[in-house]
Amino acid sequence: MKIGIVCYPTFGGSGVLATELGKALAEKGHEIHFITYQQPVRLNGFHTNIFYHEVRVPSYPLFDYPPYELALASTMVDVILNHDLDLIHAHYAIPHASAAYTAKQIVLQKTGRSVPVITTLHGTDITLVGRDKTYEPVVTFSINESDAITAVSENLKQETLKHFEIRKEIQVIHNFVDVHRYNKKPLAAFRQVIAPDNEKIIVHASNFRKLKRIDHVMEIFKNIHSAVPSKLLMVGDGPERPIAEDMARQFGIESDIRFLGKQEQMEDILAVSDLFLLPSEYESFGLAALEAMAASVVVISSDAGGLSEINIDGVTGYTAPVGDVATMSQKSITLLQDEAKLKTLKHNALKQAKAFDIHHIIPQYETLYRRYCRTGDC
Ligand code: GMT
């Protein structure tokens, strides 16, 4: 099939997921057209079945706010017509689902063909931004006008139904991970540089927004550090980073924390890590946690949103209510002091990640796409 994927090209989970989906579909012989304002970060290397169409927003002195959504819709029309796309898969409702709706109407008027639009809801498009009165009517409308809607967790499906008037079925297709890619041997030299005295390695990765509770990451690590020789790797960047760096200095543990910034080779970092901390206020799914589990890293997380659908308390890691820093710290310490238990949970984490392996999930998207393809075409 010829599929247009519209997504954010950044390090955020929705963009990562959409890019990995496109790459996997291309491997299976589909023709994939990414339509976005920048080359997606995970779209590296050449593939004969992958095309990238950059959305350019011409700037005019009149525009205080460049109309990205219009440029996106026009680019989508162009790509649909010139490449005869079978369908558009929009990741993240704002503004992708509404731009896809506009493009669909234009193509319908021009050619009489109704191009199916599938919208995948990822999280903050529903729980934060989408619920804002400024956007809500457009979000509700464009979700309802999508031919199919998917959500990345059962929790996100329920949140969507609770807060929006949705008249259509929402199918849950969980996020996925390529276990083969993450389940790799640790690089001994890298571990040696990070933890020369064989300290435990704790890691956190996110966009450092308030919702990620970076302050709790720092407090949990302070507690772990006081009981177990350990190092903390902070991967990513965002508004809370200066606060975290300040906290590290206040706690006097700055020499045992490395802020690595945005990283593309997460698998190498995870391969040397023992625990992944994700105390977020909300996660629709927590793709970063699943990637950690695929690298046999035990996850200590909050139980918010869809996190409990992947991180099973006491089995693959531990969960605690948002803000319960004491429990998250205590569970981490007890586990790090018990090698046998740590080994068991690492094993369980990998086993659980395998249930979300890319090879199980891609066929679910393909089955969905086939429901909307042109008669006899696929
Ligand atoms: O978590 C973020 O801030 C990024 C955000 C995004 O839209 O890229 O991630 C959301 O989508 C991911 C992929 O489906 C999920 O794994 C994240 O849990 C979700 N984030 C939130 O719900 C806060």
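His33 stands opposite Phe51 in β3, where strands are DSSP runs of E with at least two residues and helices are runs of H or I with at least four, all numbered from the N terminus. The model is a predicted one, so local features need pLDDT of at least 70 and side-chain atom pairs count only at pLDDT 80 or more, while totals for chains, interfaces and linings use all residues. Residues are numbered from 1 along each chain as its sequence is written, and side-chain values use heavy atoms, leaving out hydrogens and water.

Strand β2 (residues 31-36) lines up with β3 in the parallel sense over five bridges; two strands count as paired if DSSP finds at least two bridges between them. Zooming out, there is an open sheet of seven strands with parallel pairing, in the order β3-β2-β1-β4-β5-β6-β7. Its edge strands, β3 (50-54) and β7 (170-172), each pair on one side only. From one strand to the next, the twist averages 25 degrees. Helix α3 (residues 93-111) packs on this sheet and touches β1 (2-6), β4 (87-91) and β5 (117-121), contact meaning heavy atoms within 4.5 Å. The direction of α3 makes about 160 degrees with that of β4; angles run from 0 to 180 degrees between N-to-C directions, and axes are lines fitted to C-alpha atoms, for helices over the stretch in contact.

Helix α3 also meets helix α2 (residues 68-83): their axes come within 8 Å and cross at roughly 45 degrees. That makes α2 and α3 oblique to each other, the label for whatever is left once angles under 35 degrees are called roughly parallel, over 145 roughly antiparallel and 65 to 115 roughly perpendicular. Among the residues in this contact are Leu72 and Met76 of α2, along with Ala99 and Ile106 of α3.

Leu290, Met293 and Ala294 of α12 make the contact with Ala349, Leu350, Gln352 and Ala353 of α15.

Now for charges: side chains of opposite charge can pair when their charged atoms come close. The structure holds 22 salt bridges, each a side-chain nitrogen of Lys or Arg within 4 Å of a carboxyl oxygen of Asp or Glu. One links Arg181 and Glu267, whose closest N and O atoms are 3.3 Å apart. Arg181 sits in helix α7 (residues 179-182) and Glu267 in helix α11 (residues 266-271), so the pair ties together parts that are 86 residues apart in sequence.
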